[in-house]
Amino acid sequence: MESFVYQNLPARVVFGTGALAQLPPEMDALDARRALVLCTPGQRALAERVADLLGARAAGIFDRAVMHVPIETAREAREAARRLGADCAVAIGGGSTTGLGKAIALDSGLPIVAIPTTYAGSEMTPIYGLTEAGLKKTGKDPRVLPRTVIYDPELSWRLPVALSVTSGINAIAHAAEGLYAPDRNPITDLMAEEGIAALARALPRIRAQAQDAQARSDALYGAWLCGTVLGAVGMGLHHKLCHTLGGSFNLPHAETHTTVLPHALAYNAAAAPQAMARIARALGGTHAAQAVYDLAKEQGAPVALKDIGMRAQDLDKACEIAMGNQYPNPRPLERSAIRSLLQDAFEGIRPIRPA
Ligand code: NAD
């Protein structure tokens with residue numbers, strides 16, 4: 001056995017259909033008495049359900065969470081928390097809502113209870129993002145890690161099928177890059193492979209039947225594992241590219257991950273053969289990059305950057321930004337190969353199997 005360090009992050013997880021009902025006792029366990037409930041405008045009804053469940057312990061609802069946490073929104077939410085005397089934030093929704101909770105926690109130290117309704121995985125990480133003057137900055141701080149996470153698969157039944165697929169592949173990306181991270185270890189490897197397999201099993205069943213309770217449960221379990229990997233180890237080329245494309249060209253988060261992942265894996269394939277073998281095995285395929293591509297295509301997800309808002313004339317600039325600072329990746333960053341990767345992702349071609 002190789003030597004390794006595994007740092008367990010101190011989050012409590014409550015998992016199961018109907019687990020939302022556990023929110024009041026979970027608030028007791030945190031000694032929290034006044035919760036500010038956070039959501040996106042589209043999930044207001046769900047936030048109201050949470051506020052009803054909390055009764056007098058709901059301090060109010062802030063329903064303006066949006067993608068990439070603009071600093072102005074973060075300031076408004078922080079001010080609402082102060083004005084209402086909140087002693088905790090309950091973030092119900094996807095990564096955007098969890099991200100807003102993190103922005104409050106970063107400023108005030110308020111504990112977060114996260115109730116995820118997508119597969120993004122932010123709830124399991126100490127990573128936060130804030131966007132100021134069009135520039136998204138990310139950082140790590142233990143204060144932003146949600147203290148309690150309630151996974152209730154029932155809350156994801158209404159996640160549109162198309163977003164379920166791309167959000168699921170977004171989760172797979174965390175685990176896939178985790179399998180070749182320099183600080184990976186046998187425990188994160190186990191979680192990564194199991195997380196990918198659970199999602200790969202679940203996504204076709206969700207596509208066939210959006211309210212398949214077992215499939216929704218498997219997908220959320222997979223997302224939890226993949227999110228844990230994201231929180232535990234460093235990410236490489238794929239996440240860097242997606243951060244660039246999302247932040248600089250305003251591409252949608254989960255779709256960007258879905259279109260780029262097969263090509264990032266193809267780029268790294270020869271430099272990380274063991275990771276590729278585990279990814280392929282979890283997906284029931286023989287070649288990791290092709291298996292991810294096939295999963296996306298067969299489930300009707302976009303596979304080309306040109307179909308999700310990328311412009312051909314921005315590819316050179318995207319390559320420049322991605323090359324801008326060095327970060328750990330199994331294969332060194334080579335400008336012309338990364339430019340070809342971006343071209344392939346732009347066109348949406350199936351990655352070629354290496355000889
Ligand atoms: P999102 O939170 O923006 O949700 C996408 C849309 O789906 C929203 O309109 C939302 O209202 C809706 N939605 C969510 N759950 C739903 C449900 N069950 N039913 C119906 N509609 C639902 O998208 P996301 O992909 O979950 O998160 C993306 C954001 O999270 C990005 O900003 C990304 O950078 C961030 N993120 C951060 C981390 C981290 O560790 N910090 C990890 C992953 C993602």
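Visitor: What makes M1, F4 and I187 a nonpolar surface patch?

Guide: Together, M1, F4 and I187 make a nonpolar surface patch of about 340 Å². A patch is made of residues with over 30% relative accessible area and no salt bridge, with nonpolar side chains (Val, Leu, Ile, Met, Phe, Trp, Tyr) joined within 5 Å; a salt bridge is a side-chain nitrogen of Lys or Arg within 4 Å of a carboxyl oxygen of Asp or Glu. The areas come from the Shrake-Rupley method with a 1.4 Å probe. The model is predicted, so local features need pLDDT of at least 70 and side-chain atom pairs count only at pLDDT 80 or more, whereas totals for chains, interfaces and linings use all residues. Residues are numbered from 1 along each chain as its sequence is written, and side-chain values use heavy atoms, leaving out hydrogens and water.

Visitor: Why is F4 called partly exposed?

Guide: Buried means under 20% relative accessible area, exposed over 50%, and partly exposed in between. F4 has 37%, so the residue is partly exposed.

Visitor: How many aromatic pairs does the structure hold, and why is the pair of F15 and Y151 called tilted?

Guide: There are four aromatic pairs. Rings of Phe, Tyr and Trp (its six-membered ring) pair if their centres lie within 6.5 Å; planes under 30 degrees apart count as stacked, over 60 as edge-to-face and the rest as tilted. The centres of F15 and Y151 are 5.9 Å apart with the planes at 45°, so this pair is tilted. F15 belongs to strand β1 (residues 12-15) and Y151 to strand β8 (residues 148-151), so the pair ties together parts 136 residues apart in sequence. Strands (E, at least two residues) and helices (H or I, at least four) are DSSP runs, numbered from the N terminus.

Visitor: Why is the pair of Y221 and W224 called edge-to-face?

Guide: Their planes stand at 85° and their centres 6.4 Å apart, so the pair is edge-to-face. F15, Y151, Y221 and W224 form one aromatic cluster.

Visitor: Is Y151 buried or exposed, and why?

Guide: Y151 counts as buried because its relative accessibility is 0%. By contrast, F15, at 31%, counts as partly exposed.

Visitor: What makes the link between T117 and Q43 a polar contact?

Guide: A polar contact is a pair of N or O atoms within 3.5 Å; within protein, one must be able to donate a hydrogen and the other to accept it, and residues adjacent in sequence count only if both atoms are side-chain atoms. The side chains of T117 and Q43 make such a contact at 3.2 Å.

Key: Buried means under 20% relative accessible area, exposed over 50%, partly exposed in between (1.4 Å probe, protein chains only). Patches are made of residues with over 30% relative accessible area and no salt bridge: like charges are joined within 9 Å, nonpolar side chains (Val, Leu, Ile, Met, Phe, Trp, Tyr) within 5 Å.
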